[in-house]
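Morning, everyone. Please look at the model on the screen, and I'll walk you through a few of its helices.

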Amino acid sequence: MTRKIGRARDASIDARILAVARRHLSAYGYERMSLAAVAEEAGTSRPALYRRWPGKAELAAAAVATLEEPEQDAPTGDPFADLVAELADFQNAVSRPGRMSLVGTMLQDTTAPDVLARYRARVIAPRRRRLHAILDTAMRRGLIDADADLEIAVTLCTGNWYARALAHDQPPERWPQRTAALVWRAVGGQPPADADGAAKIDSGFS
């Protein structure tokens, strides 16, 4: 008896569903994300979606897991320059369409724990590890205080961006350089003379 072979799973449908799910998570949040609406926009059916992901939590977690993060440049050997580059990369990433809305979704109490865990593992943790490694290198080289609180410093690096976003305040010019200079001083370092030169021009609350 000839054994029937099922149809191969269409990877293009998977990609469409995940792309739509990411947009809906950003636009509507986890609680309001509708699997029916995702399937309709992706041009497929709910049964086809359920064959791939049994529920909203699984689909949302899979969508978060596909967030694209560009490859990072290798360290230059200059920790301050590496810090500026990492912050510039963060600014580019968080400025992409839907990214700040997605941050808000992850802060909602109704977001499924597995979705939040995927987001932390895919987006938050790698960034914090890189920032910590840069500052740790600076510490080992004696460029910053040996007893500097690197955990707090890492949070300072990106936390001011989110605070400005909540205040509907646009980031100032040369945000990566100026933030790096501020953090560098906070941990006992001396940044390059022109690191935050824009601050002399753009003073006040900007």
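What covers the buried residues of H2? The cover includes H1, H3 and H4. Covering here rests on contact, meaning heavy atoms within 4.5 Å. Buried means under 20% relative accessible area, with a 1.4 Å probe and protein chains only. Helices are DSSP runs of H or I, at least four residues, numbered from the N terminus.

Some ground rules. This is a predicted model: local features need pLDDT of at least 70, side-chain atom pairs count only at pLDDT 80 or more, and totals for chains, interfaces and linings use all residues. Residues are numbered from 1 along each chain as its sequence is written, and side-chain values use heavy atoms, leaving out hydrogens and water.

Back to H2. Its buried residues are Leu35, Val38, Ala39 and Ala42. Seen down the helix axis, they fall within an arc of 95°, so they line one face of H2. That arc is taken from the directions from the helix axis to the C-beta atoms.

Now the two ends. At the start of H2, a side-chain oxygen of Ser34 comes within 3.3 Å of the backbone nitrogen of Ala36. After H2 comes Gly43, with a positive phi near 75°.

Next, H4, residues 56-65. Leu59, Ala60, Ala61, Ala62, Ala63 and Val64 are buried there. Their cover includes H1 (11-32), H2 (35-42), H3 (46-52), H6 (99-106) and H7 (113-140).

Last stop: Pro79, in helix H5, residues 79-94. Pro79 counts as buried, at 4% relative accessibility. Beyond its neighbours within four places in sequence, its contacts include Ile134, Thr137 and Trp184.

Notes: Buried means under 20% relative accessible area, exposed over 50%, partly exposed in between (1.4 Å probe, protein chains only). Helices (H or I, at least four residues) and strands (E, at least two) are DSSP runs, numbered from the N terminus. A polar contact is a pair of N or O atoms within 3.5 Å; within protein, one must be able to donate a hydrogen and the other to accept it, and residues adjacent in sequence count only if both atoms are side-chain atoms.
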